[in-house]
Amino acid sequence: MAALPMKRAGWFLISLLCFAAMLVAWKLAADAKLINPLWFPGPDRSFSKLWEWISSGSLWSPLAQTVWRMFAGWLLACGVGITLGAAIASSAFARRLLQPSAEFLRPLPASAILPPAILVLGFSDAMIVFVVAFGCVWPVLLGAIHGFGNLDQRLGEVSRLLNLSSWQRAWKFQLPNALPDVFAGMRVSISIALIVTVASEMLSSQPGIGYLMLVAARAFRSADIFAGIIVLGVLGFLTNYVTQKLEDRLLRWR
Amino acid sequence: MGAVLPVVVLALWEMLSRAEVLSEDGFSRPSRFVVAGAKALADGTLLEQTAQTFAAATEALLIAAVAGIAIGAILGLFKPLERAAQLTIDALRPIPSVALIPLSLLLFGFSRNMSAAVAAFACFWPILLVTISAVRGVDGRLIEVGRLLGFSFARIIVKFALPAALPGILVGIRVSAGIAIVVTVTTEIVTNPRGLGFAMTMAAQSLQADLVWATLMWVGVIGWLVNWSLERLERRWLRYR
């Protein structure tokens, strides 16, 4: 049995080397000035800029802003998506009323509602949170519709035999049954939340990582841009990782 | 029945706007944006902007498809390579595409390529991952047959692996086509002065609320149409299965 972890560690080492090789290639490309260094800093300059942000503490306030907006929008979307999804799945009336509109709105790019949202809500946190929620709601909604909808027929019969009200049935049978689908939707949504948050910050000049990077681009401070890309990459990776772990843990009973 | 909700919302919108409950500057009113939309359609600006957006999205999809299928086929056929590349993929994939807007702006300036580069990055990942798993799912005996026939490696890929993996890859391309349009419009809204996204930003900045809403609805119709036609196409192409 000991061979298996050894083998895995070996593969991890190899993929680490591969990653390191990519960084070296980046460094070489930058040093060889294949691309104008004004636009394309090497990893050394990018990471030292990132370290400068961390050590001076100037990273935390914009990062906190971005994370706050992202999660506020995401949670709002989860609440709305699960509620609407449960309604659409449980009632034929709600389905006929809501589903066509949802189908039409779903392919709409979330960023496309930024301009009207700015007109209506102004340059504000509330505007960004709303747009993020709009972008995030669809995967959760689809997951909820699917999850609440495909309750095992026998469970439906059990709930009828027990004389449960439709609320009780939704809470005790449909919700647990729907959780895996809902979580899957929520995990897709959190990546969307990050993208929409950053795009909104860039457009509406609200302090955050996205705005920081756009200002850097206008001033040709390319090391700042790469440091920002790294920060957002790490943020994307972490949120993905955490939601995945959380999902595994919460669904362990399955 | 499905039309009830939109009709009620639009009617309420019109009424509340006329009663000045909803501010004109932000909400405009449905009757106005029908007029604004018709005007933009008639003078050709809306169609020109749509063409710009489509050109950038198509370019992005092509780049992503070529790169994603090529790299995905190689990684899918050689498991050790995929394992070696795993960490690099895991590190690069979570980078939100919009984070590349400032970089792309520096590299390409305000141009079609700027939008296309950012959107291509976003489209690359689904195509790559789908291709890897589709190629992996190809029956090993097919590859074996190719070897027995003495085909070169490239010929095995083109003649056996890719056709067998095609249905999976097409799903990835369909998903990516939607992403391409979304990301292209996003780059246009944020910075790039071209296409439908910029049309909306411009209209918002000059406080033409009616034009903003009209363009938004146009984008909605376009997005829905693209989705619908891709689903149809996929169904038709894959009928042989």
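In this predicted model, ring pairs join B:Trp13, B:Phe27, B:Phe33 and B:Trp213 into a cluster. Take the two tryptophans: B:Trp13 and B:Trp213 sit edge-to-face, 4.8 Å from centre to centre with 85° between their planes. B:Trp13 belongs to helix H1 of chain B and B:Trp213 to helix H11 of chain B, so this pair ties together parts 200 residues apart in sequence. Both B:Trp13 and B:Trp213 are buried.

Over all chains, a search of the whole structure turns up 14 aromatic pairs. One of them is in chain A: the ring centres of A:Trp26 and A:Phe226 are 5.5 Å apart and the planes meet at 35°, so the pair counts as tilted. It links distant parts of the chain, with A:Trp26 in helix H1 (residues 3-31) and A:Phe226 in helix H10 (residues 222-250), 200 residues apart. A:Trp26 has 16% relative accessibility, so it counts as buried; A:Phe226, at 8%, counts as buried too.

Now for the place where the chains meet. Here 51 residues of chain B are in contact with 47 residues of chain A, and the area buried between them is about 4200 Å², with carbon and sulfur atoms giving 83% of it. On the chain B side, B:Met1, B:Leu87 and B:Leu106 lose the most area to chain A, together 16% of what that side buries. As for polar links, the count is 0 salt bridges, and 1 residue pair is in polar contact across the interface. Several helices of chain B each supply at least two residues to the side touching chain A, among them H1 (4-18), H5 (79-92) and H9 (153-190), but H11(B) gives the most, with 11 residues. By class, that side of chain B has 37 nonpolar, 11 polar and 3 charged residues.

How values were computed: Residues numbered from 1 in each chain as written. Chains lettered and ligands numbered in written order. Predicted model: local features only at pLDDT ≥ 70, side-chain atom pairs only at ≥ 80, totals over all residues. Heavy atoms only, no water. Contact = heavy atoms within 4.5 Å. Buried area = accessible area lost by both parts, 1.4 Å probe. Salt bridge = Lys/Arg side-chain N within 4 Å of Asp/Glu carboxyl O. Polar contact = N/O pair within 3.5 Å; in protein donor to acceptor, adjacent residues only side chain to side chain. Helix = DSSP H or I, 4+ residues; strand = E, 2+ residues; numbered from the N terminus. Nonpolar A, V, L, I, M, F, W, Y, C, P; charged D, E, K, R; others polar. Phe/Tyr/Trp six-rings, centres within 6.5 Å; stacked < 30°, edge-to-face > 60°. Buried < 20%, exposed > 50% of the residue type's maximum accessible area, 1.4 Å probe, protein only.
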